[in-house]
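This note sets out comments on the model for a colleague's reading. Please consult the sequence and coordinates alongside the points.

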Amino acid sequence: YIGNHLIDANTSISGSYTIKNGTKCIADDAFYKCSSLTSVSIPDSVTSIGDSAFSHCDGLTNIEIPDSVMSIGSSAFYSAIILGLVITVFSLLFMDPLLKLLGSTDTALEYARDYALYIVLGAPIMTGSFVLNNLLRSEGKSKLAMIGLTAGGLLNIALDPLFIFSLDMGISGAAVATLLSQLTSFIILLSMFVFKKSIITL
């Protein structure tokens with residue numbers, strides 16, 4: 001087990017580093033600010049790599065990850081998509097009871113239904129984005145993750161008044177704007193993996 005900040009800027013580590021075989025987990029920020037670190041070799045025994053494990057490792061250019069570890073990222077991504085589809089189907093089948101369970105009154109139910117319809121349709125996109133974002137952050141590539149999230153957020157701000165007021169879609173317009181912004185974030189984050197900005201293959 002490599003714990004939080006166990007290996008950090010206060011530890012004189014540089015060049016290549018081989019993680020001991022038998023290590024099961026690399027925790028959040030384990031190699032935080034190891035700016036002199038250039039290469040890391042991860043053994044087959046690792047089953048979990050924490051969020052931002054290699055954050056701020058500016059000199060890190062190579063991470064050797066075995067296929068068994070690489071599959072963790074792809075498994076998490078596809079599992080998230082499947083979970084999102086399950087959420088979509090379940091929510092569509094039990095929309096009204098679910099909204100009431102979440103606190104919607106009879107008066108607000110119609111508006112809640114208009115908004116929730118588009119949101120639950122986008123559940124696979126949202127769950128997929130969550131995983132892609134955290135995979136990038138686990139490599140220490142928080143800037144790339146931020147690009148995807150920020151672009152979606154800014155687009156949402158711009159599209160809300162357009163759909164709600166200009167196109168007179170009301171509450172449904174707000175949901176459509178959110179869905180489109182989430183789709184944009186998903187595409188940007190996915191492109192990081194498609195164009196090999198990440199060492200992880202999906």
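The numbered points below go from the basis of the model to the whole chain, the sheet and selected residues.

1. Basis. This is a predicted model, in which local features need pLDDT of at least 70 and side-chain atom pairs count only at pLDDT 80 or more, whereas totals for chains, interfaces and linings use all residues. Residues are numbered from 1 along each chain as its sequence is written, and side-chain values use heavy atoms, with hydrogens and water left out.

2. Composition. The chain contains 6 helices and 5 strands; helices (H or I, at least four residues) and strands (E, at least two) are DSSP runs numbered from the N terminus. Read from the N terminus, the order of elements is β-β-β-β-β-α-α-α-α-α-α.

3. Extent and surface. The C-alpha trace spans about 60 × 30 × 30 Å along its principal axes. The accessible surface of the chain is about 10800 Å², and carbon and sulfur atoms account for 63% of this area; areas come from the Shrake-Rupley method with a 1.4 Å probe, and for residues only the protein chains shown count as cover.

4. Of the 202 residues in the chain, 41% are buried, where buried means under 20% relative accessible area, exposed over 50% and partly exposed in between (1.4 Å probe, protein chains only). Among contacts (heavy atoms within 4.5 Å) between residues at least 6 apart in sequence, 56% join residues at least 24 apart.

5. The sheet. Three strands form an open sheet of order S1-S3-S5 with parallel pairing; two strands pair if DSSP finds at least two bridges between them. Strands S1 (15-18) and S5 (62-64) are the edge strands, each pairing on one side only. Neighbouring strands of this sheet are turned by 20 degrees against each other on average, direction ignored; the axes are lines fitted to C-alpha atoms, for helices over the stretch in contact, and angles run from 0 to 180 degrees between N-to-C directions.

6. Strand S3. S1 and S3 run parallel and are joined by 4 bridges, while S3 (residues 37-41) pairs with S5 in the parallel sense over 3 bridges. Serine 41 of S3 stands opposite threonine 18, and the bridge partner of serine 41 in S5 is glutamate 64. Serine 39 stands opposite asparagine 62 in S5. Because 4 of the 5 residues of S3 are buried, this strand is largely enclosed by the rest of the structure.

7. Helix H1. Serine 74 lies in helix H1 (residues 67-93) and counts as buried because its relative accessibility is 15%. Not counting residues up to four places away in sequence, serine 74 touches Thr201 and Leu202. Valine 86 is also found in H1. Together with Ile82, Leu83 and Ile87, Val86 forms a nonpolar patch on the surface with about 350 Å² of accessible area.

8. Leucine 190. This residue is found in helix H6 (residues 170-194) and, at 25% relative accessibility, counts as partly exposed. Which residues does leucine 190 touch, not counting residues up to four places away in sequence? They are Phe77, Leu132 and Leu202. The C-alpha atoms of leucine 190 and leucine 202 are separated by 9.3 Å, with the two residues 12 apart along the chain.

9. Alanine 151. In helix H5 (residues 142-166), alanine 151 counts as partly exposed at 25% relative accessibility. Alanine 151 and leucine 162 are 11 residues apart along the chain, and their C-alpha atoms are separated by 17 Å.

How values were computed: Patch = residues over 30% accessible without salt bridge, like charges linked within 9 Å, V, L, I, M, F, W, Y side chains within 5 Å. Salt bridge = Lys/Arg side-chain N within 4 Å of Asp/Glu carboxyl O.
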